[in-house]
Amino acid sequence: MAGRSVVVGVGHYLPERVVPNAEFEKTLDTSDEWIRTRSGIERRHFAAEDETTSDLATRAAEAALADAGLTGEDIDAIVLATSTADLTFPSAATMVQARLGMTKGFAFDVQAVCAGFVFALSNANALILSGQAKRVLVIGAETFSRIMDWTDRSTCVLFGDGAGALVLELQEGEGTPQDRGILATDLNSDGRYKDLLYVDGGVSTHTTGHLRMQGNQVFRHAVEKLAKTAEIALDRAGLGADDVDWIVPHQANIRIIQGTAKKMGLPMDRVVVTVQDHGNTSAASIPLALSVGKERGQIKPGDLIVTEAIGGGLAWGAVALRW
Ligand code: UT7
């Protein structure tokens, strides 16, 4: 017997405003064709002026709780992955906690940029397996539209806003790879690569700042590191790429997604792809893709899923889980 963190609910929320690529042609030297062919992105959602990350996160959390047939009172902890919290403090997670009517337990944010949801999932699993919580809401939520430099065509066309959430619950398994729940995780970071992807401001540097990225350099690291971390997570679970029903990757660029699947020897019909509709929503992209993948009827109970993500830090990692 072994304790496992099993997914018992999933949900997402996307802001109402949808912005197609053609919008950017009005203000920038770019084209729908360039954005589509270089990134696979066709449209993205942007939050309204008065809509914050904790607003999006709360809506996604409510959807995940409804899917699980639970309320905020049934939850012991919230782990929220974001790099774009409403305020410097308190955490967006505690704001969500209050909005869900949760008066016990604990809530905190995790910041690992685009790899944030993989880090949050891994930490939530550790809380559950170490007996500190029985049911954890794991959320990825971002408003990257707030940190875009709208004059920089090499970044502002790539990102979007949104949120996704999972409810994890402690259940007993057999201790085999056939168990439902999180089977293995792999986390990495290497701070020497800071300059490849960062925001040029923050509390102790006196400004909010804008996202800066050497896209082609990040691209170079992505495919290799993502295929490797996915293989490590699968290997720790006692499984291989052949066992995978769905890769649910971070949705940054269709060419990175395709390259990673190819390196893992898996066809694209085993990959959940949402980048065309959401753009890169950073820490929200994986839970959004899990929720949409379930809605589309792609992800079914018992499926083996590997999620993988890389972003600023660089930070990257993967989680192998049975749905
Ligand atoms: O989620 C966190 C991790 N982030 C990522 O995974 C992003 C990784 N990187 C990428 O997705 C890609 O590198 C990009 C989509 C950002 C760029 O694609 P690329 O094939 O690597 O293009 P590039 O950066 O090498 O740029 C090619 C050309 C450049 O022009 P020159 O120097 O060749 O004349 C750019 O100035 O494309 C130009 N360019 C654009 N042209 C039209 C850059 N942005 C645009 C644009 N519209 N929006």
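Modeller: Helices here are DSSP runs (H or I, at least four residues), as are strands (E, at least two), numbered from the N terminus. The model is predicted, so local features need pLDDT of at least 70 and side-chain atom pairs 80 or more, while totals for chains, interfaces and linings use all residues. Residues count from 1 along each chain as its sequence is written, and side-chain values use heavy atoms, without hydrogens or water.

Colleague: Let's switch to T229. Where is its place?

Modeller: T229 belongs to helix α7, which runs over residues 215–236.

Colleague: Is T229 buried or exposed?

Modeller: T229 counts as buried because its relative accessible area is 1%.

Colleague: Leaving aside neighbours within four places in sequence, what is T229 in contact with?

Modeller: Taking contact as heavy atoms within 4.5 Å, T229 touches D186, N188, E308, W316, G317 and A318.

Colleague: How many residues apart in sequence are T229 and A318?

Modeller: T229 and A318 are 89 residues apart along the chain, with 5.7 Å between their C-alpha atoms.

Colleague: New topic: how many aromatic pairs are there?

Modeller: The count is three, for rings of Phe, Tyr and Trp (its six-membered ring) with centres within 6.5 Å; planes under 30 degrees apart are stacked, over 60 edge-to-face and the rest tilted. One of them is F46 with W150, an edge-to-face pair at 5.5 Å centre to centre with 80° between the planes.

Colleague: Where do F46 and W150 sit in the chain?

Modeller: They link distant parts, 104 residues apart: F46 is in strand β3 (residues 43–46), and W150 is in the loop between β6 (135–143) and α6 (153–156). F46 is buried because its relative accessibility is 6%, whereas W150, at 42%, counts as partly exposed.

Colleague: Why is the F106 and F108 pair called stacked?

Modeller: Because the ring planes are at 5°, with the centres 6.3 Å apart. F106 is partly exposed at 30% relative accessibility, and F108 is partly exposed at 28%.

Colleague: Now the backbone. What kind of peptide bond runs from F89 to P90?

Modeller: The F89 to P90 bond is cis, with omega near 5°, and P90 is in the loop between β4 and α4. G313 and L314 are also joined by a cis bond, with omega about -10°. L314 falls in the loop between β12 (304–311) and β13 (315–322).

Colleague: Is H206 buried or exposed?

Modeller: H206 is exposed, because its relative accessible area is 75%.

Conventions
Buried < 20%, exposed > 50% of the residue type's maximum accessible area, 1.4 Å probe, protein only.
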